[in-house]
Amino acid sequence: MTANTNYPDNITALYARLSQEDALDGESNSIANQKKILLKYATDNHFSNPTFFIDDGYSGVTYDRPGFQKMLDEIEAGHVGAVITKDLSRLGRNSALTGLYINYTFPQNDVRYIAINDHFD
């Protein structure tokens, strides 16, 4: 699957989320660590226009998160070619809604989704 090439200026959405519970896990899930991993992956794999969308302090159970909603607005406007997260749990912890985004919303908008640590593409 390739990124949407209809819009040459498409962004690559690099999404990071950290909840209060995740913060207890330490540096491995920190926003700074996620950003470093995401930017390196995007750069190494030649994804265009990497743009961060961040939710710090928000639970993954709900999708009513400002960074996620802003990213979704960009997706629905046709400005996003790919979404990359560190792992599936960064996108969300509600498996039904996560599946809806991965299997319906993203494909409907020609958006490629990658969860780096889960080898999901």
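Does Arg17 count as buried or exposed, and at what relative accessibility? In this predicted model, Arg17 counts as buried because its relative accessibility is 0%, which falls under the 20% cut-off for burial. The residue lies in strand S1, which comprises residues 11–18, and a polar atom of the Arg17 side chain is placed 3.3 Å from the backbone oxygen of Tyr58.

The protein chain contains 5 helices and 4 strands, and these elements follow one another from the N terminus in the order β-α-α-β-α-β-α-α-β. Of the 121 residues in the protein chain, 45% are buried, while the accessible surface comes to about 6400 Å², with 51% of that area belonging to carbon and sulfur atoms. Among the contacts with a separation of 6 or more, 72% are made by residues 24 or more positions apart.

Helix H2 spans residues 31–44, and its end C-alpha atoms are 20 Å apart, in agreement with the 20 Å that its 14 residues should span at 1.5 Å a residue. The buried residues of H2 are Ile31, Asn33, Gln34, Leu38 and Ala42; because they cover an arc of only 165° around the axis, they fall on the same side of H2. An α-helix has 3.6 residues a turn, so residues three or four places apart point the same way. The buried residues of H2 pack against S1, strand S2 (50–56), strand S3 (80–85) and helix H4 (88–91), whereas the exposed residues Ala32, Lys36 and Lys40 are carried on the face of H2 turned away from its buried side. After H2 comes His46, which has a positive phi near 60°.

Note on methods:
Residues numbered from 1 in each chain as written. Predicted model: local features only at pLDDT ≥ 70, side-chain atom pairs only at ≥ 80, totals over all residues. Heavy atoms only, no water. Helix = DSSP H or I, 4+ residues; strand = E, 2+ residues; numbered from the N terminus. Buried < 20%, exposed > 50% of the residue type's maximum accessible area, 1.4 Å probe, protein only. Polar contact = N/O pair within 3.5 Å; in protein donor to acceptor, adjacent residues only side chain to side chain. Contact = heavy atoms within 4.5 Å. Areas by Shrake-Rupley, 256 points an atom, 1.4 Å probe, with all protein chains shown as cover. Expected span 1.5 Å × (residues − 1). Arc of directions from axis to C-beta.
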